[in-house]
Amino acid sequence: MTQDGGKGNKGQDKKAQQYGVTPQSVDFNDWYNEVVKKADLADNSPVAGAMVVKPYGSALWENIVRWLDDRFKATGHESLIFPTLIPMNFITREADHVEGFAPELFTVTKIGTEELAEPYVMRPTSETIIGHMWSGWLNSYRDLPFLHYQWGSVFRAELRTKAFLRTSEFYWHEGHTAHADEAEARAEVRMILDLYHEFCRDVLALPVVRGEKSASERFAGAAATYSIEGMMRDGKALQSGTSHYLGQAFSKAFDVKFQTREQKEDYAHTTSWAISSRIIGALIMTHGDDAGLMMPPNIAPIQVVIVPVGRKDNFDEMVAEGERLAAQLTQNGIRVKVDKRDGVTNGFKYNDWELKGVPVRIELGPRDLEAGVVVVKNRNSDQKETLERDLAVGGMVERLEGIQAWLLKRATDFMLDNTVTVDNYDDFKAAIEDGKWVRAFHCGDAESERAIKEETKATVRNVPLDDAEFFAEREEGGVCFHTGKPAAYGKRILFGRQY
């Protein structure tokens, strides 16, 4: 794998530097940062570690929110809104929780010039304040299950920031549910994990591995954490969503108890789950190429861009014709934009829309209009097609479906081609250094995990579930590649370097 290789001659192509982006093979990090800015997704802000999401990035996030929000409501969940500020004493009530988040907390100690008697923290997540409110709302088994979620910002201090991936303020939904028993709570956790998997596969064209985190990689305070893991084009893993069974820890910390059917008192079993704006980073790094973004049609803010091609004396006419063509496509449920920019070369426009990753570009000029044809180019192809206008319009939905399927297959093939199976530590280190994911038996020992991470920067991504789409098979026996002890999970687990 060469995507994360050494630096090359970045001045070798002045035109690419002005209008394009650094190739992935030259510097993947530079490529990513340039794509985010030049594709108009986000920009730096005057607030340290925080970003400004620009209209194109915001439209993408809105599409993500819309799809997920519809599914949450369809599965019986209700939205609510909690304060951004959380009393400090709430955070400290659950020991593992405060230990996990303490280094990342933003603290508010003053209002104006007056010192607060007790500080607030900017929410890093909301289990604590939600638990506090539930303690007053929940009385009986008849009140259960509580199925709630909210959309908003959360705040976690980051030393090394990267737009969408790691910022001090980021955007997400956080689901919080309370249940009468463990079985029902665990079913909720799994249902949400499967919903995330469906969203990534069918909407974002992201192949992800469903599995359970090892004990040392769990969410702070959780009894079990499940994740979906995706492979980026540089071979690193991105945790793209999580679903946590919290047991009764937060219920006991915040006195969330209820009267059971048997007229006994018990503590609720709770869950939490989230996908954040880092999923946009996953989208960029899974589907991009040296020309910039490649947007999956099912989530793309613009699915088709029409570029009118004309001279000064007929440009307005071609724009009007482009609008008529856009109206035809819109009637078929397609998201379309007509590029009306004047005084900008066609070459610049083509490059700009390639960089933004719009799935299909249609070029429309006077000669095309006379002949009743249009020129069509897919973002994932170097070839242009000249098609009869009605044929291009009538076949556009099928064309977009084809691009969506192509992106999923490309990403899946890349992940499988760059995942290896090893049985000893030397092979493990070589594979990780080569930018691969590794499947291996492990003893489950936390000290072993820490030693592996210190030496190789690789961590357990997850233990794939038995019915996961990838890497689900169980194997009898097995010896840990690192310690030589018996394997702990009855299967090989997934390791990799992460974002």
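1. Let's start with a pair of cysteines. The sulfur of Cys480 has its closest cysteine sulfur in Cys443, but at 3.8 Å that is too far for a bond. Keep in mind that this is a predicted model. Seen from the other end, the closest cysteine sulfur to Cys443 is the one in Cys480, again at 3.8 Å. A disulfide needs the two sulfur atoms within 2.5 Å, and by this rule the count comes to zero disulfides.

2. Are these two cysteines buried or exposed? Cys480 counts as buried because its relative accessibility is 4%. Cys443, at 14%, counts as buried too. The cut-off to remember here is under 20%.

3. Now for the nonpolar cores. The largest one has 61 residues, and those with the most contacts inside it are Leu41, Ile64, Phe164, Ile279 and Ile284. Several elements supply at least two residues each, including helix 3 (55-74), strand 11 (237-247), helix 9 (278-287) and helix 11 (346-356). Which helix gives the largest share? That is helix 7, with nine residues. As background, nonpolar side chains in soluble globular proteins tend to be buried together.

4. Setting aside residues up to four places away in sequence, Leu41 touches Val52, Val53, Lys54, Tyr56 and Gly57, among others. Its list also includes Phe164 and Ile284, two residues that, like Leu41, are among those with the most contacts inside the core. Apart from this core lies another, of 25 residues, among them Phe82, Phe90, Leu105 and Phe250.

5. Along the chain Ile130 and Phe82 are 48 residues apart, yet their C-alpha atoms are separated by 7.8 Å. Which residues does Ile130 contact, leaving aside neighbours within four places in sequence? They are Phe82 and His176. Ile130 counts as buried, because its relative accessibility is 2%.

6. Last, take a look at strand 7 (residues 146-155). Eight of its 10 residues are buried, so strand 7 is largely enclosed by the rest of the structure. Strand 7 runs parallel to strand 3 (residues 78-79), and two bridges join them; Ser79 stands opposite Tyr149 of strand 7. With strand 8 (residues 169-179), strand 7 pairs in the antiparallel sense, over 10 bridges.

Methods
Residues are numbered from 1 along each chain as its sequence is written. This is a predicted model: local features need pLDDT of at least 70, side-chain atom pairs count only at pLDDT 80 or more; totals for chains, interfaces and linings use all residues. Side-chain values use heavy atoms; hydrogens and water are left out. A nonpolar core is a set of buried Ala, Val, Leu, Ile, Met, Phe, Trp, Tyr and Cys residues joined through side-chain atoms within 4.5 Å. Buried means under 20% relative accessible area, exposed over 50%, partly exposed in between (1.4 Å probe, protein chains only). Helices (H or I, at least four residues) and strands (E, at least two) are DSSP runs, numbered from the N terminus. Contact means heavy atoms within 4.5 Å. Two strands pair if DSSP finds at least two bridges between them.
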